[in-house]
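Reader: I would like to learn how to read a fold from its coordinates. Please take me through it feature by feature.

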Amino acid sequence: MPRAASASRRALSAIDTLTSTPPPAPLPPSQTITRIVGSAGNNLYRVRTPPGDEILVELPPLFRGKVWLRRGGYVLVDVNAFGQRENKIGGEIVNVVRDERRWRRELYWPEEFGKVVEMEDSDDESGEESTVGKMPPRSDDEE
């Protein structure tokens, strides 16, 4: 039994290294970083490419059951993985972006997926004090 456990630890360690380390630049023309829109079931995911197109991609067996993909996350997709086959799948996930900060520093990171700018509260402009995270007023305070 210890052999199986050590083998799975090695596999998970290899996947951890693969997903945390961005590939060297430049990427092949068939590969692009995409944002996950949602799951389509059976290891299929809908992703949005930098130009804004939605395609259906497949998660390869290497990552199945080992990597958690969530909506809004990023993956590296190879659109030529299935060649000229006629089907609805538009590509295959080659890598999963886990250490997003390291990946964003690379030259091939799409500008369309730039840093998320936090929204400013509109209450600050009106001069009113924000009530977010505060307790509601007591009944004796209102009078």
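Reader: What share of contacts between residues at least 6 apart in sequence joins residues at least 24 apart?

Author: Start with the term. A contact means heavy atoms within 4.5 Å. Among contacts in this protein between residues at least 6 apart in sequence, 58% join residues at least 24 apart. One caution on the source: this is a predicted model, where local features need pLDDT of at least 70 and side-chain atom pairs count only at pLDDT 80 or more, while totals for chains, interfaces and linings use all residues. Residues are numbered from 1 along each chain as its sequence is written, and side-chain values use heavy atoms, with hydrogens and water left out.

Reader: Which pattern does the protein follow along the sequence?

Author: Helices (H or I, at least four residues) and strands (E, at least two) are DSSP runs, numbered from the N terminus. The protein has four helices and five strands. Along the sequence they read α-β-β-β-β-β-α-α-α.

Reader: In what order do the five strands close into a barrel?

Author: General idea first. Strands of a sheet pair through backbone hydrogen bonds, either parallel or antiparallel. Two strands count as paired if DSSP finds at least two bridges between them. Here the order is β1-β2-β3-β5-β4, and the pairing is mixed. On average, neighbouring strands of this sheet are turned by 55° against each other, direction ignored. The axes behind that angle are lines fitted to C-alpha atoms, for helices over the stretch in contact; angles run from 0 to 180 degrees between N-to-C directions.

Reader: How many bridges join β1 and β2?

Author: Five, in the antiparallel sense. One example: G38 has R46 in β2 as its bridge partner.

Reader: Is N42 buried or exposed?

Author: Buried means under 20% relative accessible area, exposed over 50%, partly exposed in between (1.4 Å probe, protein chains only). N42 is exposed, because its relative accessibility is 73%. N43, at 29%, is partly exposed. For the protein as a whole, 31% of the 143 residues count as buried.

Reader: How many aromatic pairs does the structure hold?

Author: Rings of Phe, Tyr and Trp (its six-membered ring) pair if their centres lie within 6.5 Å; planes under 30 degrees apart are stacked, over 60 edge-to-face, and the rest tilted. The structure holds two such pairs. Y74 and W109 are edge-to-face, 5.0 Å centre to centre with 70° between the planes. Y74 lies in strand β4 (residues 74-78) and W109 in the loop between α2 (100-104) and α3 (122-126), so the pair ties together parts 35 residues apart in sequence. Y74 is buried at 4% relative accessibility, and W109 is buried at 9%.

Reader: Which residue forms a tilted pair with Y74?

Author: F113, at 5.3 Å centre to centre and 55° between the planes. This pair also links distant parts of the chain: F113 is in the loop between α2 and α3, 39 residues from Y74. Both Y74 and F113 are buried.
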